[in-house]
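Have the sequence and the model open while you read.

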Amino acid sequence: MASAAQPSYSLIGCPSLNLDKKCLGFSRHLNNCRKFAFFFSNVDQRLLCKVQPRRLEPSLITCFASNKPEISSTAKIRSEVLSPFRSVRMFFYLAFVASGALGGLIATTQLIAALSNPSRAAEVPDILKGLGIDIGAVSVFALLYYRENTAKNAQLAKLSREESLSNLRIRVDEKRILPVSAFRGIARLVILAGPASFIADSFKSSEPFTDRLVERGVLVVPFATDGNSPSFEFEDSEELKEIIAKRKRLWQLAPVYATEWSEWLAEQKKLAGVSPESPVYLSLRMDGRVRGSGVGYPPWNAFVAQLPPVKGMWSGLLDGMDGRVL
């Protein structure tokens, strides 16, 4: 390798060496010049070492996952819409707690001063009375705040689960795959989850209620948890052509991306304390919120009795009156 050219330096303060002239302290000046040259040479080497590129060592990045589910902004906005005055109540509860705590602190200092001064012994009962009121107020409003905050967290968790459900996909036909949220305001979905035999029995038990279920906008989403595709048999008859068309419409939907459906159902069963192998049903309102659920076969007769028709004079007016939300 060719050696690099040594850089030239202008040594400031080094006297010029003229051999023709006699210079006092010549050896001393010469030593000073050598010291300057050695210093700059070391500086140059250090600069070269700094300029050389450093080798980047691979770094280990550790990710920590939180067990607490993340609440989306959409769920928070829906919670505010459903309970618009909850934040106001929680604010006043905290304000009353702070006011009572401050009053209790002042009463405590007054009580200590009264107990240490015999001349103020008559004030002790009144101070104790005020202190008891402050402690009671703090306890009551802290309890109210705790209950309100617990209800808020429960509502946010439920809305978050409903939002996850709304993102699941359903196959309408060979060309269309839509999320559950696309059926809001259009249909009342009834989700069935269980083995293929459970789906087939539910299909047979819904036959007497086909007309009234279709009139109420009910659409069934059958999900076979055992991996077997349920078979629906429809009779070919000209007389029952209209009924068969309604039954096909009632059972036309099919879930896609089975893994996502399985994960969501497993989470719901775990929260409800239901066995993972148990067949369940889930009924949604017209607005997409959960109105009912249970273990076993769906109560088709109850759906017919409780749900209003989607057409007629009550159309639109009772869309939100599908029963209380679970």
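The points below go through the sheets, a helix, the salt bridges and a surface patch.

1. First, a reminder: what you are looking at is a predicted model. Please keep that in mind with each value below.

2. Let's begin with the sheet of three strands. This sheet is open, its order is β2-β1-β5, and its pairing is antiparallel. At the edges you'll find β2 (177-179) and β5 (254-255), each of which pairs on one side only. If pairing is new to you: strands of a sheet pair through backbone hydrogen bonds, either parallel or antiparallel.

3. Now zoom in on β1, which covers residues 169-171. How many bridges join β1 to β2? There are three, and the two strands run antiparallel. To find one of these spots in the viewer, pick Arg169: its bridge partner in β2 is Pro179.

4. Next comes the sheet of four strands. This one is open too, with the order β4-β3-β6-β7, and its pairing is mixed.

5. One place to check is Gly194, which stands opposite Ala224 in β4.

6. A helix goes with this sheet as well. Helix α8 (residues 258-272) lies across β3, β4 and β6 (280-284). Against β4, helix α8 runs at about 95 degrees.

7. On to charges. Side chains of opposite charge can pair when their charged atoms come close. A search of the whole structure turns up ten salt bridges. One of them is between Glu148 and Arg89, with the closest N and O atoms 2.7 Å apart. Glu148 sits in helix α4 (residues 124-166) and Arg89 in helix α3 (residues 86-116), so this pair ties together parts that are 59 residues apart in sequence.

8. Stay with that pair for a moment. Is Glu148 buried or exposed? Glu148 is buried, with a relative accessible area of 12%, whereas Arg89 counts as partly exposed at 33%. Arg86 joins in too: Arg86, Arg89 and Glu148 are linked in a network of salt bridges.

9. Two other salt bridges are worth a click. Asp173 and Arg176 meet through their side chains at 3.2 Å, N to O. Asp173 is partly exposed at 32% relative accessible area, and Arg176 is partly exposed at 44%. Arg285 and Asp287 also meet in a salt bridge, at 2.8 Å from N to O. Here Arg285 counts as buried, at 9% relative accessibility, while Asp287 is partly exposed at 30%.

10. Last stop, the surface. Which residues make the nonpolar surface patch of about 540 Å²? They are Phe85, Val88, Phe91, Phe92 and Phe96. Phe85 is found in the loop between α2 (73-82) and α3. Exposed means over 50% relative accessible area, and Phe85 counts as exposed because its value is 57%.

Conventions:
Residues are numbered from 1 along each chain as its sequence is written. This is a predicted model: local features need pLDDT of at least 70, side-chain atom pairs count only at pLDDT 80 or more; totals for chains, interfaces and linings use all residues. Side-chain values use heavy atoms; hydrogens and water are left out. Two strands pair if DSSP finds at least two bridges between them. Contact means heavy atoms within 4.5 Å. Axes are lines fitted to C-alpha atoms, for helices over the stretch in contact, and angles run from 0 to 180 degrees between N-to-C directions. A salt bridge is a side-chain nitrogen of Lys or Arg within 4 Å of a carboxyl oxygen of Asp or Glu. Buried means under 20% relative accessible area, exposed over 50%, partly exposed in between (1.4 Å probe, protein chains only). Patches are made of residues with over 30% relative accessible area and no salt bridge: like charges are joined within 9 Å, nonpolar side chains (Val, Leu, Ile, Met, Phe, Trp, Tyr) within 5 Å. Accessible areas come from the Shrake-Rupley method with a 1.4 Å probe; for residues, only the protein chains shown count as cover.
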